[in-house]
Amino acid sequence: MARGAEEHLVGGQIRLPNPIIQRPLRQVGARLLMALAVLLLTVAIVYLDRGGYHDNADESVDLLDAVYYATVTLSTTGYGDIVPHSDSARLVNVLLVTPLRVLFLIILVGTTLEVLTQRTREEWRLNRWRSTLRDHTVIIGFGTKGRSAIQTLCATGLKKDQIVIVDPSSKVIETANADGFTGVIGDATRSDVLLRAEVQRARQIVIATQRDDTAVLVTLTARQLNRGAKIVAAVREEENAPLLRQSGADAVITSASAAGRLLGLSVLSPSAGTVMEDLIQQGSGLDLVERPVIKAEVGKNVRETDDLVISVLRGHRLLGYDDPSASPLQLTDRVITIVRARSVPPLRTPPE
């Protein structure tokens, strides 16, 4: 069984962003109008030169005869009951009517051919997508957490064609396609679904499912398929975070606890809560950015840099800005800074 047919039967169908902007019915309507225009133009040509045509029935050609002749000539080769007998009429048939017949057939047959070749084009696009996809990011779940994660990643420069979304809802994947992302419909706890998302070649995996038990199963499956990818997962309850780390997640975000801490901070200091929310929302106000140390900063104190450095990543050690060993900065260091954000357009919200 072909791989495409197998995907359709067992789930995990891959949907690439649709490059066709115009709606199918509008396309068909436009082609019918073009065909009608060609027909009317042919009728006008024949009627204006009706003196050069001969009708075997009454030897004269009126408007109805012109419409009849144009119709049968464009759709077939004609029946011979109305024929051009003058030199001018025959020349017009050669130079105008015959090219219009070809154009008429191209318009009508083209619609049929497009439908027949659509599957071939989709297969070609899918094979090309598979062959070129490397070191991409797989997002499991396109809910609120998944969309926020994607918006943050796009704000840092990640291209949309390097993101693959996995979700069991076809409507959610349609929304992701509308935003320009490739989507895979299916249950991410199944290895065959993740394989269709090419998770084995991914650089990073973001697990943003609605249930904690689902997140654990997805993490186990993803880590089994890809030992080297960076896996970041979100859970609702903090007690499930250690289980996710044991399952193979490199970082675990507890959404309920994080929201609770932000609420508590906002009660104690609304201004501090506003600043923290601003830092969390990538693309507006201030952003947290990790970047390498540039040559001009090597040997300087943390406080002497142009950006506001809050931490220094040296090897596997994360040093605070006030740690004496953080300064002077080294060329192999990476710094976490607070910078002015770039605006990022919001993503569409999937239908309920």
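The protein holds 11 helices and 13 strands; helices (H or I, at least four residues) and strands (E, at least two) are DSSP runs, numbered from the N terminus. This is a predicted model, in which local features need pLDDT of at least 70 and side-chain atom pairs count only at pLDDT 80 or more, while totals for chains, interfaces and linings use all residues. Residues are numbered from 1 along each chain as its sequence is written, and side-chain values use heavy atoms, with hydrogens and water left out.

**Overall picture**

- Of the 352 residues, 37% count as buried, where buried means under 20% relative accessible area, exposed over 50%, and partly exposed in between (1.4 Å probe, protein chains only).
- The protein exposes about 20,500 Å², and carbon and sulfur atoms supply 59% of that area; accessible areas come from the Shrake-Rupley method with a 1.4 Å probe, and for residues only the protein chains shown count as cover.
- Among contacts with a separation of 6 or more, 64% come from residues 24 or more positions apart; a contact means heavy atoms within 4.5 Å.

- The average pLDDT is 79, and 79% of the residues score at least 70; pLDDT is the predictor's confidence in each residue, from 0 to 100.
- Strand 4 has the highest mean pLDDT among the elements (94), and helix 1 (residues 3-10) has the lowest (42).
- Residues 1-10 have a pLDDT below 50, and beyond near neighbours in sequence this stretch has 18 contacts in the model.

- Seven strands form an open sheet with mixed pairing, in the order 1-6-5-4-7-8-9; two strands pair if DSSP finds at least two bridges between them.
- Strand 1 (13-15) and strand 9 (251-254) are the edges, and each has a single partner strand, so one side of each is left without a neighbour in the sheet.
- From one strand to the next, the twist averages 15 degrees; axes are lines fitted to C-alpha atoms, for helices over the stretch in contact, and angles run from 0 to 180 degrees between N-to-C directions.
- Strand 1 and strand 6 are antiparallel and share three bridges, and Ile14 has Val184 of strand 6 as its bridge partner.

- Strand 4 (residues 137-140) and strand 5 (residues 163-167) run parallel and are joined by four bridges.
- Across this pairing, Val138 stands opposite Val164, and Ile140 has Val166 as its bridge partner.
- Together, strand 4, helix 5 and strand 5 make a right-handed β-α-β unit; right-handed means that, with the strands pointing away from the viewer, the path from the first strand over the helix to the second runs clockwise.
- Strand 5 also runs parallel to strand 6, with four bridges between them, and Asp167 stands opposite Ile185 in strand 6.
- Between strand 5 and strand 6 the chain passes through helix 6 (residues 170-178), and this β-α-β crossover is right-handed too.
- Five of the five residues in strand 5 are buried: Ile163, Ile165 and Asp167 point one way, and Val164 and Val166 point the other way.
- In strand 6 (residues 182-185), Thr182 and Val184 point one way and Gly183 and Ile185 the other, and all are buried.

**Helices lying across this sheet**

- Helix 5 (residues 144-155) lies across strand 4, strand 5, strand 7 (204-207) and strand 8 (230-235), and runs at about 160 degrees to strand 4.
- Helix 8 (residues 212-225) lies across strand 4, strand 7 and strand 8, and runs at about 170 degrees to strand 8.

- Four strands form an open sheet with antiparallel pairing, in the order 10-13-11-12.
- Strand 10 (286-292) and strand 12 (317-320) are its edge strands, each pairing on one side only.
- The twist here averages 25 degrees from one strand to the next.
- Strand 11 (residues 308-314) and strand 13 (residues 334-340) run antiparallel and are joined by five bridges, with Val335 in strand 13 as the bridge partner of Val312.
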